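Subject: Structure for you to look at

Hello,

Here is the structure I promised to pass on. Please open it first, then read my notes below alongside it.

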Amino acid sequence: MTDRPPEPDVLTGSGSTPVGGNEEDHLLSYGRQTIDDEDVAAVEDALRSDYLTTGPRVEEFEGRLAETVGARYGVAVSSGTSALHLACLALGIESGHEVVTSPLTFAASANCVRYCGGTVVFADVCPGTGLIDPAEVERAVTPRTRAIIPVDYAGFPCDVEAISSIARRHDLWVVEDAAHALGATYGGGTVGDCRHVDMATFSFHPVKHITTGEGGAITTNTLALYERLKRLRNHGLSRPPEKVAAEGSWYQEIDELGYNYRLTDFQCALGTSQLRKLSRFVAKRRQLAERYDQSLPGAHVELPDPSEHSSYHLYVIKVADAETRRALFDHLWGLGVRCQVHYVPVHWHAAYERLGHERGSYPNAEDYYARILSLPLYPSLDAEQQDRVVEGVRSFFGVK
Ligand SMILES: *Cc1c(COP(=O)(O)O)cnc(C)c1O
């Protein structure tokens, strides 16, 4: 067992492959996939079928996903990052446009704006929850603002109603980064139903609620956005009937540049199979969260407010200060408990500092970052493993 520091990609939350081999079986990562024989059989069927990509399993997965979250349309793409990029493109974000997002998120929530030439503006989070503060969003709006990208941090839904009312008042789009919140609910709806937002984006990276290896999706209720997203995912190709009639049946054209952000049929087969188990996965995550709530030493660590709405992508605890966090992190890693920190604030990255974003600008996000740790949380974590995590935290604080 080593206690070497995490790889950089693990620190940002988008790396982290769970450990395999026997001698590493005692290592617990903060998140990992749950794959069963049904999943394997579904992928095998797809691999033996006529379509490896752009076949019937893509639409099947999109339909199931849309139905699960209660949206009209779903578009499957190659990652959560490409979902965010396409969402920004579909809204026409470009140079001169500002988009407001959270500094306490995986960098993709902000990077997607820059891919389109837009300017990222951060709005600080609420100190208790780490969720973007609607009052700060309002303060960040300027005449150049076009969109808001709130994040459902750790699986807790952001305040979409407050954010959508700001958006309506200032004529802005809202893209909900729901990568943490598949299966979460909010007062009166399901995250991803797009009742209050224009689009929601998801990720199917192995640490998320369901996986397709790499993968992502966008949900929306707006037909024009749906059609544009589908074109942009496939190079921008389209087949206008009048031109096909004039030129020939092979004809297709590119009106605006798109990308290859397609998801394969065998990945979609896995996605559909995983989706069948989503409610079980979420129930297990909630049950584990409740068990942490009850057994972690509350005198020494701040626990998340229990929520029946959260789908608990992460179980984030907060300690007194940065030194304690660092020592607890090292202590747990020394025990084979590979906790993580989500996230280094986005504006701290050199690629953002270089644009003039300064440390100290978002004190709530920075204070949050300084004191947090994400403990292992995934459906296959068993009671004995969870007890090891709890025991690790208790022993650090000298609690019996
Ligand atoms: C995982 C994640 C993404 C990106 O998803 P990928 O599939 O890894 O590209 C975006 N935003 C948040 C908040 C995430 O956690």
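Start with helix 3, which covers residues 56-69: Glu-60 and Arg-64 both sit in it, 4 residues apart, or about one turn of the helix. Keep in mind throughout that this is a predicted model.

The side chains of Glu-60 and Arg-64 form a salt bridge, with 3.8 Å from N to O. Both ends are partly exposed. Glu-60 has a relative accessible area of 35%. Arg-64 has 34%.

How many salt bridges does the structure hold? There are 17.

Look at helix 6, residues 134-140. Arg-139 and Glu-136 both lie there, 3 residues apart, about one turn of the helix. They form a salt bridge, and their closest N and O atoms are 3.3 Å apart. Is Arg-139 buried or exposed? Arg-139 counts as exposed, because its relative accessibility is 66% and the exposed class begins over 50%. Glu-136 is partly exposed, at 23%.

Next, go to Asp-387 and Arg-291. These two form a salt bridge as well, with the closest N and O atoms 2.8 Å apart. This pair links distant parts of the chain. Asp-387 belongs to helix 15 (residues 383-397), while Arg-291 belongs to helix 11 (residues 278-295). The two residues are 96 residues apart. Asp-387 is partly exposed, with a relative accessible area of 38%. Arg-291 is also partly exposed, at 31%.

Some salt bridges share partners. Through them, Asp-36, Glu-38, Asp-39 and Lys-277 join into one network.

**The ligand**

- Thr-81: a polar atom of its side chain is 2.5 Å from an oxygen atom of the ligand.
- Gly-80: a polar backbone atom lies 2.8 Å from a ligand oxygen.
- Tyr-343: an N or O atom in its side chain is 3.3 Å from an oxygen atom of the ligand.

How much of the ligand does the protein bury? Taken alone, the ligand exposes 380 Å², and the protein buries 97% of that.

**Helix 5**

Stay with helix 5 for a moment. Its residues Ala-108, Ser-109, Ala-110, Cys-112 and Val-113 are buried. What do the buried residues of helix 5 pack against? Two of the partners are helices: helix 4 and helix 13 (350-353). The others are strand 3, strand 4 (119-122), strand 5 (145-149) and strand 6 (173-177). Just after helix 5 comes Gly-117, which takes a positive phi of about 90 degrees.

**Two serines in loops**

Ser-102 sits in the loop between strand 3 (98-101) and helix 5. Is Ser-102 buried or exposed? Its relative accessible area is 1%, so Ser-102 is buried, the cut-off being under 20%. A polar atom of the Ser-102 side chain lies 3.0 Å from the backbone nitrogen of Leu-104. Leaving out residues up to four places away in sequence, Ser-102 touches Phe-122, Ala-123, Val-125, Ile-132, Ile-149, Val-151 and Val-346.

Ser-78 is in the loop between strand 2 (73-77) and helix 4. Ser-78 is partly exposed, with a relative accessible area of 22%. Its side chain makes a polar contact of 3.0 Å with the side chain of Ser-82. Ser-78 and Thr-264 are 186 residues apart along the chain, yet their C-alpha atoms are separated by 8.1 Å. Beyond its neighbours within four places in sequence, Ser-78 is in contact with Glu-214, Gly-215, Gly-216, Tyr-261, Arg-262 and Leu-263.

Best wishes

Terms used: Residues numbered from 1 in each chain as written. Predicted model: local features only at pLDDT ≥ 70, side-chain atom pairs only at ≥ 80, totals over all residues. Heavy atoms only, no water. Polar contact = N/O pair within 3.5 Å; in protein donor to acceptor, adjacent residues only side chain to side chain. Areas by Shrake-Rupley, 256 points an atom, 1.4 Å probe, with all protein chains shown as cover. Salt bridge = Lys/Arg side-chain N within 4 Å of Asp/Glu carboxyl O. Buried < 20%, exposed > 50% of the residue type's maximum accessible area, 1.4 Å probe, protein only. Contact = heavy atoms within 4.5 Å.
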